[in-house]
Amino acid sequence: MTETEQIRAKAKELLDAKKVDCVIGYERATDGKNARPMFAYSAKEADRLIFDQTCRHDLVKYLLNRKDKVTGIVVKPCDSRAINQLLAEGGVSRDRLYIIGVACSGVIDLKKAEARFPGTLARAEVAEENDTYLISIDGQTHTVPRDELLADTCKTCQYPTPLIFDKLVGDKRKGSPARYDDINTLEEKTPEEKREFWQYQLSRCIRCYACRNACPLCYCDGCILDKLKPQWVKRSVDTAGNVMFHLTRAFHLAGRCVSCGECERV
């Protein structure tokens, strides 16, 4: 059975037996190519569940609105780490979860794919074979090494098998060795160069809060960055306010980040 078939079968079993109220997973998006989050409340709806290299979203954030109901959820390895952290912090209850863990080979970075095949992704069909992606566009198939389109965070994943699950889909995978090339490069800069680097990066922020809203571990009932009395961060967007916002998030997530890459993706 394929990963999708295993997920559908388990979801139907759970929903038919009323062991869960809902299964959160992925379905094919309206463009016919990408994946989007889906909530299956019946075995019939479970037939729409999928899993492939387009399933980028971290679904764990949705659990925070379902604390009073038993929920099944499809998780990649990085998502399972977020669940572990939420369990440690009391953010979710283990007895209200059924975790369908998927051993993951990584997800595609859409920006890389669009750069490689500009303006054609809406017509593309993607399949994975060994260490390559097979991209079919208008009847022509292109073979692309997986590393060329793989999301950067997936390239350095040390735990490609979920750390917590009730049902494991796929075979256990061996992780990559830890690599911190980008951090080492940044650490080699002088304090002045680091300041210039971060000022440039943070000056581009439009303060849309997508990074915070997508993060599975940003779940405080009242974020200090939204307070008006006292007001810690101005509503108007400027570099100083951006620095305050991102420094606050960095300290809040230090030691808790699970490297799911959602903040960067959104």
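This is a predicted model: local features need pLDDT of at least 70, side-chain atom pairs count only at pLDDT 80 or more; totals for chains, interfaces and linings use all residues.
Strand 6 covers residues 124–129 and pairs with strand 7 in the antiparallel sense, over 6 bridges. Within this pairing, Val 126 stands opposite Ile 135 of strand 7. The two strands form a hairpin with 2 residues between them, and in the turn Asn 130 has a positive phi of about 55°. On its way to the next strand, the chain passes through another hairpin. Strand 7 and strand 8, the latter spanning residues 140–145, run antiparallel and are joined by 6 bridges. Here Leu 134 has Thr 143 in strand 8 as its bridge partner. This hairpin has 2 residues between its strands, and Asp 138 takes a positive phi near 50°.

Which residues of strand 7 make up its covered face, and which its uncovered one? Tyr 133, Ile 135 and Ile 137 form the covered face, whereas Thr 132, Leu 134 and Ser 136 form the uncovered face.

Attention now turns to the aromatic rings, among which there are 4 pairs. Tyr 26 counts as buried because its relative accessibility is 0%. Phe 51 also counts as buried, because its relative accessibility is 9%.

Phe 39 and Tyr 62 form another edge-to-face pair, with centres 5.2 Å apart and planes at 80°. Because Phe 39 lies in strand 2 (residues 35–40) and Tyr 62 in the loop between strand 3 and strand 4, the pair ties together parts 23 residues apart in sequence. Phe 39 is partly exposed, with a relative accessible area of 29%, and Tyr 62 is partly exposed at 33%.

A ring may also face a charge. The charged end of Arg 212 sits over the ring of Tyr 209, at 4.5 Å from the ring centre.

Ile 224, Trp 232 and Met 244 make a nonpolar patch of about 280 Å². Of these residues, Trp 232 is placed in the loop between helix 9 (210–214) and helix 10 (239–253). Trp 232 counts as partly exposed because its relative accessibility is 47%.

Methods:
Residues are numbered from 1 along each chain as its sequence is written. Side-chain values use heavy atoms; hydrogens and water are left out. Patches are made of residues with over 30% relative accessible area and no salt bridge: like charges are joined within 9 Å, nonpolar side chains (Val, Leu, Ile, Met, Phe, Trp, Tyr) within 5 Å. Accessible areas come from the Shrake-Rupley method with a 1.4 Å probe; for residues, only the protein chains shown count as cover. A salt bridge is a side-chain nitrogen of Lys or Arg within 4 Å of a carboxyl oxygen of Asp or Glu. Helices (H or I, at least four residues) and strands (E, at least two) are DSSP runs, numbered from the N terminus. Buried means under 20% relative accessible area, exposed over 50%, partly exposed in between (1.4 Å probe, protein chains only). Two strands pair if DSSP finds at least two bridges between them. Rings of Phe, Tyr and Trp (its six-membered ring) pair if their centres lie within 6.5 Å; planes under 30 degrees apart count as stacked, over 60 as edge-to-face and the rest as tilted. A charge sits over a ring if NZ of Lys or CZ of Arg is within 6 Å of the ring centre and within 35 degrees of the ring normal.
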